[in-house]
Amino acid sequence: MFLTITTTGTPDRPATDLGYLLHKHPGKAQVFSTSYGKAHVLYPEAEDQRCTAALLLEVDAVALVRRGKGKGRGGAPDAALAQYVNDRPYAASSLLAVALSAVFSSAMRGVCTARPELPGQARPLRIEVPVLPARGGPDLVRRLFEPLGWEVRVEAVPLDVEFPEWGDSRYVRLELESTQLTVSDALRHLYVLLPVLDDAKHYWVSADEVDKLMRAGGAWLYHHPEVKLITNRYLSRRWSLTREAMERLELVRLAEADDSEVEEIDNAVEAETETEERPTPLAVQRRDAILDALRVSGAARVLDLGCGQGQLVQALLKDVRFTEIVGVDVSVRALTIASRRLKLDRMGERQASRVKLFQGSLAYTDNRLKGYDAAVLSEVIEHLDLPRLPALEYAVFGAARPRTVLVTTPNVEYNVRWESLPAGHVRHGDHRFEWTREEFRAWAGAVAERHGYAVEFVAVGPDDPEVGPPTQMAVFEQRNLNEKEAKAA
Ligand code: SAH
C-alpha cells in the first residue's frame with residue numbers, strides 16, 4: 001500500500017517545508033510499527049522546488065488474521081483461505097488511513113511547534129494513490145473529492161491488461177491536486193475517504209469511531225453533498241452510530257450559523273459604547289438582567305451554557321463574587337474566539353483559576369456540569385430542534401441540577417415591533433422556534449414541575465403593553481433543598 005504527497009515550492013516557501021509539516025525529516029527514511037505491519041516514510045525527492053513524501057505500508061496479512069481483524073470483505077467466515085489470500089497487503093484502504101493517522105498525527109491536527117505558521121498555509125499539493133479499492137468506481141471518487149476543492153484524476157484499473165474484454169477491476173488509480181488546501185486538510189480528507197471508498201473496514205467499528213470521524217471530518221463533512229453516504233459507510237452502516245454522527249454534525253453546523261449572530265450582537269454592542277445617547281442594545285440589557293438575577297440568587301459558581309463568544313463570561317469575571325465561571329459551547333470556533341476575547345493565555349494565575357471554557361453539547365448529560373450554584377442558558381434553547389429539547393431539559397434540570405437556572409429566549413409576539421423584520425419571520429435564520437409568552441410559560445412551568453423547581457418570569461427590554469418584552473427570562477430556583485442545604489444557601 002502506497003501513497004505519495006508532493007508539493008512544489010518558491011524561493012521564500014521551499015517545498016522541503018513538507019518535512020516540517022509532516023514532522024518527518026526529508027533526509028531520513030523512517031520505519032514505524034503499527035499493529036498491522038510496518039509503515040515506512042521516505043522522501044523520493046526533496047528539493048526546494050519539489051518535495052515528495054511517500055508512505056509505504058507493509059501489511060502483515062498473517063498478523064491481521066491472528067488479531068481477528070481480517071474479516072473485512074464480508075465473506076463467509078469459514079472461507080479461511082480468503083483471510084490469508086486477499087488484497088489487504090496491496091491495496092490502499094482503511095489500513096492506510098490508520099497508518100496515516102498514526103504516523104502523521106500532529107500533521108493531521110495541524111500542529112507544528114517548530115514552524116507554527118506553516119500548518120495554516122495552503123500550498124500546492126498533489127497526492128497519488130496507485131491502487132485504491134473504490135466501491136462505486138471513478139464516479140464516486142469524483143463525487144467525494146471534488147466538493148472538497150480537489151482536482152481529481154481517476155482511472156479504473158483494468159482487471160487484466162492482457163484481456164481488456166474482462167472489464168475493470170474494483171480498483172482505481174487516483175491523483176488529487178489542489179493549491180487551496182493545507183496538508184492537514186489533505187490528511188483529514190484521506191483519513192475519512194479512503195475507508196469510505198474501500199467500504200470494508202478491517203476492524204470492528206466501535207462507538208469511538210464517531211469521535212474519530214468528528215475529529216477528522218467535523219470541519220468539512222457537514223458541508224459535503226455526500227455527507228450521508230460518507231458517514232454511513234465510514235461507520236460501516238451501523239445506523240445508530242450514523243444517526244449519532246449526523247446529529248453531532250448538525251450541531252456543528254448550527255454552532256457555525258450562531259457565530260454570525262453573536263458577531264452581529266457584538267458589533268451592536270461596540271457601536272453602543274461609542275455613542276452613548278443611543279438606546280442600550282437588547283444584548284446588553286439581557287446581560288444586565290442575567291447579572292442582576294445571578295447576584296440576587298447568591299451564586300458564586302456559575303455555568304454559562306451555550307456561552308458563544310464569551311461576552312457573559314467576560315462580564316462575570318469583572319465581579320469578584322463569581323468565584324468560578326465555566327463557559328460551555330458546542331462550537332469550537334466560538335470557544336476559540338471566546339478565549340481570545342478573554343485573553344486567557346495572558347491572564348494572571350488568580351484570574352485564570354476562576355474561569356474555564358470547554359466544549360460540550362447540552363443534548364447529552366455531562367458530569368462536568370454537576371455541582372454548580374447556577375446555570376445560564378442565554379438565547380440557546382431556540383437553537384435546538386423542539387424534539388431535542390427534552391434532552392437538554394434532562395441534562396440541565398435532571399442531571400446537572402444547579403440551584404438556580406436562568407433561561408432567556410425571544411418573545412415572538414414582540415416581532416411585529418421590529419421594523420426590519422418581515423411579518424411572520426423569526427429573528428435569526430437559525431432559530432428553530434420562537435415562543436409566545438404563553439408558550440414559554442407553559443414549557444418552563446412544566447419543566448419546573450417535573451424537576452422540583454419554582455419558576456418566575458422577568459421581562460427583558462421595553463415591556464410593551466400589547467405584545468410584551470422582546471426577550472423573556474425564566475428564573476428557576478430549586479425547591480427541594482433539604483434544610484441544611486437551604487441554610488447554606
Ligand atoms: N449565550 C450567548 C450565545 C447565544 S447563541 C449569548 O447569549 O449571546 C447560541 C449558542 O448556543 C451558540 O454559541 C451555539 O454554539 C450554542 N449551542 C447551540 N446548540 C448547543 C448545544 N446543543 N450544546 C451546547 N451549545 C449549543
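**Entry: Y394**
I started with how open Y394 is: partly exposed, at a relative accessible area of 46%. My cut-offs were under 20% for buried, over 50% for exposed and partly exposed in between, using a 1.4 Å probe and protein chains only. I noted that this is a predicted model, where local features need pLDDT of at least 70, side-chain atom pairs count only at pLDDT 80 or more, and totals for chains, interfaces and linings use all residues. Residues are numbered from 1 along each chain as its sequence is written, and side-chain values use heavy atoms, with hydrogens and water left out.

Y394 sits in helix 15, residues 389-400. Helices (H or I, at least four residues) and strands (E, at least two) are DSSP runs numbered from the N terminus. Leaving aside residues up to four places away in sequence, Y394 touches T365 and A399; contact means heavy atoms within 4.5 Å. I also checked Y364, 30 residues from Y394 along the chain, and got 8.4 Å between their C-alpha atoms.

**Entry: cysteines**
How many disulfides does the structure hold? I found zero, taking a disulfide as a pair of cysteine sulfur atoms within 2.5 Å. I looked up two cysteines anyway: C51 is buried at 0% relative accessible area, and C307 counts as buried at 7%.

Next I traced an open sheet of seven strands, in the order 2-3-4-1-5-7-6 with antiparallel pairing. Which strands stand at the edges? They are strand 2 (30-34) and strand 6 (151-158); each has a single partner strand, so one side of each has no neighbour in the sheet. On average, neighbouring strands here are turned by 15° against each other, direction ignored.

Two strands pair if DSSP finds at least two bridges between them. Strand 6 and strand 7 (residues 168-178) run antiparallel and are joined by seven bridges. V152, for instance, has L176 in strand 7 as its bridge partner.

**Entry: helices on the sheet**
Helix 4 (residues 94-103) packs on the sheet and touches strand 1 (2-8), strand 2, strand 3 (37-46) and strand 4 (50-59). Its direction makes about 120° with that of strand 4. For such angles, axes are lines fitted to C-alpha atoms, for helices over the stretch in contact, and values run from 0 to 180 degrees between N-to-C directions. Helix 7 (residues 183-198) lies across strand 1, strand 5 (125-133) and strand 7, at about 15° to strand 5.

**Entry: helix 9**
Is helix 9 (residues 227-234) mostly covered or uncovered? Mostly covered: six of its eight residues are buried, among them V227, I230 and Y234. After helix 9 comes S236, with a positive phi near 50°.
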